Amino acid sequence: MSHLQRTPLRDFHAARGGRLVDFAGWEMPVQYRSILEEHKAVRRAAGLFDVSHMGEVEVKGPQALDFLENLVTNEVARLLPGKVLYTPMCATDGGTLDDLLIYLRAPGDYLLCVNAVNIAADLDWMARQAEGFAVTVTDRSADYALLAVQGPASAAIVQTLTGAKLGLLANYTFCEGTVAGVSCIISRTGYTGEDGFELYHAPADAVGLAEALLAAGAPHGLELAGLGARDSLRLEAGFPLHGHELSPSISPVAAGLAWTVKLGKARPSLAHAALAREMAEGAARRVLFFRTGDRRIVRADTPVRGRDGAIIGRVLSGTLSPLLNEAIGSVLIEKAAVEGALTVDIRGTNIGLQPVRPPFVPLRRG
Amino acid sequence: MSNIPADLHYAKSHEWLRLAGDGTALVGITDYAQSSLGDITFVQLPKVGATLVAGATFGVVESVKAASDLYLPATGVVLAVNPALDVSPEILNRDPYGEAWMLKLKLDGGAPAQLLDAAAYARHVG
């Protein structure tokens, strides 16, 4: 897998039994011991994830706010220094190019965290949108490694390694400080539905920080967790994954994320007209989450049939919920079919999809 | 390194056959197979009484990652299927040669000549 990009923790994973796979062009651990066990460890105690493949983009300048308000659908003007905003980034037709986090470090100084698979396309899109704004957009992906500590024990674990007062750090806020002597952006965010932290730091410090977190976490039940568990945790929490529940053909409105589209903001986004129309008329297709009561996994791209047997959509994501012990997932279906019965065929067995309003399991945070 | 017991017969498709000496045999999947599949979440097995020929698809094993067909290593009649796999398919990850056996067969003949011994199977997965 020599053509793949590596995070600074690649050998750390290999030495600890990580099963390395190609993920979006990166050599990443999909699991160590067991996806299901790693998933349960995060819900029960804590998990440590290497997500250094994620991209970081710095946006600076006197018109950084104007540029970002045009670029994304959520309202960036609501951010105060130290706060984090989740937002889709949409094309003029309302399709979702990516979803990202925006950190406001100081007025006119933003850091964006984007999906690894979209880094190049995002930078290209942002560079084009930056024309006419007094703003610089810089790829900082190579300057940051990213470790996520997720789970109910994560605050207790990280607190043993930092003087930062984590009790004062609310959800979707961050501070800059040291963890195990390593300078970090300490962000109270994550992708599991549990309490947790994402620690941005210099790549040269990644192995030392990972070892310190693993040692501090062991007495609390922290385990290394791979991208397999990251995916089942986010799906159980009902979070979208770009390329599945959000895509250039799925707008945030269709995805049920209308709360991230602020049509009334002072500087409308470049997708305003398309999204305003979709909000007014209702999206032609909708993302729904489902459970089946059966252990057979309903995999992505499986056709979905409506009441009369006609194909009215397809599966976007599917896995086995380790906590519910049944198949869960998401579908994209025509609006008219939303209220009707939905079925899929798995190897000759007809299986009904029961709509669920996520999260699938009670979470400690929303 | 995967566990390959010396006393079993192996199919290249990663099923094993354990002859009982009384004309019956147990069938399961190998340690290599369970490890490649990862967390096993579902197992579909044939009905008791079914007559199946060597090489036939006798079921499906599904993991978080993928679903794979199961191929019968020898011709026979299904005398029993392991009920534990219906409730706890994850035992396949723990004990593929013991607790997680899949079928008990009444053999029609012995072990087919094309099955591999442990040394040959080790080379096959090596």
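In what order do the five strands of the open sheet in chain A stand, and is their pairing parallel or antiparallel? The order is β5-β6-β7-β4-β8 of chain A, and the pairing is antiparallel; two strands are taken as paired if DSSP finds at least two bridges between them, and helices (H or I, at least four residues) and strands (E, at least two) are DSSP runs numbered from the N terminus. The structure is a predicted model, in which local features need pLDDT of at least 70 and side-chain atom pairs count only at pLDDT 80 or more, while totals for chains, interfaces and linings use all residues. Residues are numbered from 1 along each chain as its sequence is written, and chains are lettered from A and ligands numbered from 1 in the order in which they are written.

**The sheet and its helix**

Within this sheet, β5 and β8 (136–139) of chain A stand at the edges with a single partner strand each, so one side of each is left without a neighbour in the sheet. Neighbouring strands are turned by 30° against each other on average, direction ignored, where axes are lines fitted to C-alpha atoms (for helices over the stretch in contact) and angles run from 0 to 180 degrees between N-to-C directions. Six bridges join β4(A) to β7(A), which run antiparallel, and Glu56(A) has Cys113(A) in β7(A) as its bridge partner. Helix α3(A) packs on the sheet, where it touches β4, β5, β6 and β7 of chain A, and its direction makes about 130° with that of β4(A).

Six of the eight residues of α3 (residues 64–71) of chain A are buried, so this helix is largely enclosed by the rest of the structure. Here a residue is buried if 20 or more other C-beta atoms lie within 10 Å of its own, exposed if 12 or fewer, and partly exposed in between, with C-beta atoms placed from the backbone. The buried residues of α3(A) are Ala64(A), Leu65(A), Phe67(A), Leu68(A), Glu69(A) and Leu71(A), and they pack against β4 (55–60), β5 (84–90), β6, β7 (109–114) and α4 (119–129) of chain A.

**Cores and domains**

The largest nonpolar core has 100 residues, and those with the most contacts inside it are Leu68(A), Ile102(A), Leu112(A), Leu147(A) and Val331(A); such a core is a set of buried Ala, Val, Leu, Ile, Met, Phe, Trp, Tyr and Cys residues joined through C-beta atoms within 7 Å. Strand β6 (residues 96–106) of chain A gives the most to this core, with six residues. A second, separate core of 34 residues includes Ala11(B), Leu17(B), Ala100(B) and Trp101(B).

The domain assignment, automatic or taken from a database, divides chain A into domain 1 (10–51 + 144–236), domain 2 (55–141) and domain 3 (284–356). The C-alpha centres of domain 2 and domain 3 of chain A lie 34 Å apart.

Helix α7 (residues 227–237) of chain A has 10 of its 11 residues buried, so it is largely enclosed by the rest of the structure. Its cover includes β1, β2, α2 (35–44), β3 (46–50), β16 (311–321) and β17 (326–334) of chain A.

**Backbone features**

| Residue | Phi |
|---|---|
| Ala24(A) | near 55° |
| Ala180(A) | near 55° |
| Gly238(A) | about 80° |

Ala24(A) is in the loop between β1 (19–23) and β2 (26–31) of chain A and is partly exposed, with 15 other C-beta atoms within 10 Å. Ala180(A), in the loop between β10 (174–179) and β11 (182–187) of chain A, is buried, with 20 other C-beta atoms within 10 Å. A cis peptide bond, with omega about 10°, joins Pro358(A) and Pro359(A), and Pro359(A) is in the segment after β19 (349–356) of chain A.

**Chain B and its contact with chain A**

Seven residues of chain B are in contact with 11 residues of chain A, contact meaning that the C-beta atoms of two residues, placed from the backbone, lie within 7 Å. On the side of chain B that touches chain A, β4 (40–44) and β6 (57–63) of chain B each supply at least two residues.

Tyr10(B) lies in strand β1 (residues 9–10) of chain B and is buried, with 23 other C-beta atoms within 10 Å. Leaving aside neighbours within four places in sequence, Tyr10(B) is in contact with Trp16(B), Thr30(B), Leu115(B), Leu116(B) and Tyr121(B).
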